[in-house]
Amino acid sequence: MMSTPVSTKSKTQLNIRSEILKLQPNLVQWRRELHRFPELGFKETRTAALIATKLADWGIPFETGVANTGVVATIAGELGSSPVLAIRADMDALPIQEENIISYKSQIDGLMHACGHDGHVAIALGTAYYLWQHRSELKGTVKIIFQPAEEGPGGAKPMIEAGVLENPKVDAIIGLHVWNNLPLGTVGVRSGALMAAVEFFHCQILGRGGHGAMPHQTVDALLVAAQVVNALQTIVSRNVDPLDAAVVTVGEFHAGTTTNVIADTARISGTVRYFNPALGNLLPQRIEQIIAGVCQSMGAKYELNYQKLYPPVINDPAIAELVRSASVNVIETPAGIVPECQTMGGEDMSFFLQEVPGCYFFLGSANPDLDLAYPHHHPRFNFDETVLSAGVEIFARCVEKFTG
Ligand code: NI
């Protein structure tokens, strides 16, 4: 890439902006290169190689192979090595066939960057480049964490286990998601819960099959499972405080084979979402009590497999305020800050936020005028690329405020 002149003046609003805007063509180019070659979780080898090549070209110290395909860059300021702020970007794509008609369409059959993680990598690279150019003015250290497998099974936890938050010890962490649920020119940031815990359950109801005309000789697993599905819907309506948001969804129900046979077994699966960590005990407990109680009353048995995937994303008030004030400087309108941006979607950024104070936020990226407003995980998902430089600027200003 072109080298950007290193500013020796104190960084006014204007020169941060103009310097980062010069990176915009590079940001677009990197994002489109990543978009062409999407990779699934823990298989992001080409993505990691692109990141490593850029970092090596610029002379930024980094480590590869962290939790398989993760990359960690460390930028130490020349005016002092602490505090330490981490910036996290996820790298993975989805098993979706892209339906966009664009010059940089996915070249990999059945795989697509349909969530915008290609943008996250480009923004993190741009931030690394900008901060490296300004390391002589930096009082503190910035770790850029390129994380695999956010879409599952989750790369944040193995990266933490590999020690990314140590040596040097990270004091706070920030991360962003380009967000088509918000329009371009807005930032969704809030203190406290932003995204929900993600949990799954799979339940097998074990009845006793038989002739459809002789139900008295059987235990109808299909009927038992139907009662379970109904009863599960009382958990949120009758066991959860109405002021706490929660979801219990049964998304799968499989039972039976034909008209005159009573089902021997039935299988139901679902997902559970909530913000308040206290519900992490209540919800699985009530689910099992209901399944056990219904089965017991109707003479069936059950096998239940309950999995906690990601905890809720909970932002620290002070770091959320840091991101909010940095974002106001970038979007230049306090009305563009949207604290009402909670979603029952989940994110494994939550594991980092359990370890150190931090803030995850949404960068509004929808532009309906350009037909860039499809939802995340849609085959025509795409976002307005002007958010790329805005993302770099928010990160750069967070670093300036945090280390300043
Ligand atoms: Ni995503």
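Predicted model: local features only at pLDDT ≥ 70, side-chain atom pairs only at ≥ 80, totals over all residues.
A residue counts as buried when its relative accessible area is under 20%.

**The nickel site**

His117 has a relative accessible area of 0%, so His117 is buried. His117 is also one of the protein donors of the nickel ion, through its NE2 atom. Along the chain they follow the spacing C-x1-H-x59-H. Cys115 has a relative accessibility of 7%, and therefore counts as buried too.

**Buried residues**

| Residue | Relative accessible area | State |
|---|---|---|
| Cys115 | 7% | buried |
| His117 | 0% | buried |
| Ala128 | 0% | buried |
| Cys295 | 1% | buried |

**Helix α4 and the cores**

Helix α4 covers residues 117-133, and Ala128 sits in it. Ala128 counts as buried because its relative accessibility is 0%. What does Ala128 touch beyond its neighbours within four places in sequence? Its contacts there are Leu55, Ile60, Ile75 and Ile144. Gly152 is 24 residues away from Ala128 along the chain, and the C-alpha atoms of the two are 26 Å apart.

In soluble globular proteins, nonpolar side chains tend to be buried together. Here, the largest nonpolar core has 68 residues. Leu55, Leu125, Phe146 and Phe361 have the most contacts inside that core. Helix α4 gives the most to this core, with 10 residues.

Leu125 has contacts of its own to follow. Residues up to four places away in sequence are not counted here. Leu125 then touches Trp30, Leu50, Ile51, Lys54, Leu55, Trp58 and Phe146.

**Cysteines**

How many disulfides does the structure hold? The number is 0. A disulfide is a covalent bond between the sulfur atoms of two cysteines. The cut-off for a disulfide is 2.5 Å between the sulfur atoms. Cys295 is buried, with a relative accessible area of 1%.

Technical notes. Residues numbered from 1 in each chain as written. Heavy atoms only, no water. Helix = DSSP H or I, 4+ residues; strand = E, 2+ residues; numbered from the N terminus. Buried < 20%, exposed > 50% of the residue type's maximum accessible area, 1.4 Å probe, protein only. Contact = heavy atoms within 4.5 Å. Donors = N, O, S within 2.8 Å, 3.2 Å for Na, K, Ca; no water. Core = buried A, V, L, I, M, F, W, Y, C linked by side-chain atoms within 4.5 Å.
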